[in-house]
Amino acid sequence: MHLHGTSKINAAGRLEIGGVDTLELAERFGTPLYVVDEALVRQRCREFMEAFRSAGVPFDVSYASKAFCTKAMCRLVEEEGLSLDVVSDGEIYTALEAGFPPERIHFHGNNKTPEEIAMALDANIGYFIIDNFTELYLVDEMAGERGKKVNALLRITPGVEAHT
């Protein structure tokens, strides 16, 4: 069996992550329990950053917070220099509560509510990823009402059908 990062099977035959026996974690905190190998996450962040840095091209690596969004994870991502891709007001709130720099937050998602857009505008997030014309007009209108200009990336579909 191949395990990643600091994970290993210890002398007692149990899974260990970051030097801690997972049975001990389950006994202490109960289950279900999420355990994150911080060393492995940091290593992966650094590998992505270095891959682009060594290519000598302008880049911005973003962590998709919908994968796992906690204040601790947001802080870890920020410490490693990544941006943060958020898809909801809850993720925006968590990022801001964690002290994540709003200018490095990218607001993604194809069904943003006016309340979520307002929250993102008021927080001065870095980028809106716009998915459709309705959203484009709404963000433009709401930003205009606030006297703000926003950075936007447009997500387009080329109209190519894969038939899969």
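The buried residues of α4 pack against α3, β5, β6 and α5. Buried here means under 20% relative accessible area, exposed over 50%, and partly exposed in between, with a 1.4 Å probe and protein chains only. Helices (H or I, at least four residues) and strands (E, at least two) are DSSP runs numbered from the N terminus, and contact means heavy atoms within 4.5 Å. The model is predicted: local features need pLDDT of at least 70, side-chain atom pairs count only at pLDDT 80 or more, and totals for chains, interfaces and linings use all residues. Residues are numbered from 1 along each chain as its sequence is written, and side-chain values use heavy atoms, with hydrogens and water left out.

The buried residues of α4 are E91, I92, T94 and A95. They lie on the same side of α4 because they cover an arc of only 165° around the axis, the arc being that of the directions from the helix axis to the C-beta atoms. An α-helix has 3.6 residues a turn, so residues three or four places apart point the same way. Helix α4 spans residues 89-97 and lies across β5 (83-86) and β6, running at about 155° to β5. Axes are lines fitted to C-alpha atoms, for helices over the stretch in contact, and angles run from 0 to 180 degrees between N-to-C directions. After α4 comes G99, with a positive phi near 85°.

The strands β5 and β6 belong to an open sheet of five strands in the order β4-β5-β6-β7-β8, with parallel pairing. Its edge strands, β4 (62-64) and β8 (152-154), each pair on one side only. From one strand to the next, the twist averages 25°. Two strands pair if DSSP finds at least two bridges between them. Strand β6 (residues 105-107) is joined to strand β7 (residues 127-130) by two bridges, and the two run parallel. The bridge partner of H106 in β7 is Y127.

The largest nonpolar core has 28 residues, and L82, L84, F100, F107, I125 and F128 have the most contacts inside it. Such a core is a set of buried Ala, Val, Leu, Ile, Met, Phe, Trp, Tyr and Cys residues joined through side-chain atoms within 4.5 Å. At least two of its residues come from each of α2 (38-55), α3 (71-79), β5, α4, β6, α5 (114-123), β7 and α6 (133-145). Helix α5 gives the most, with five residues. Not counting residues up to four places away in sequence, F107 touches V86, V87, S88, I92, K112, E116, I117, A120, I125, Y127, F128 and I129.

Two backbone features occur in loops. T31 and P32 are joined by a cis peptide bond, with omega about 0°, and P32 lies in the loop between α1 (22-29) and α2. N124 has a positive phi of about 60° although it is not a glycine. This residue, N124, lies in the loop between α5 and β7 and is partly exposed, with a relative accessible area of 46%.

The structure holds zero disulfides, a disulfide being a pair of cysteine sulfur atoms within 2.5 Å. For C69, the closest cysteine sulfur is that of C74, and the 4.1 Å between them is too far for a bond. C69 counts as partly exposed at 24% relative accessibility, whereas C74 counts as buried at 1%.
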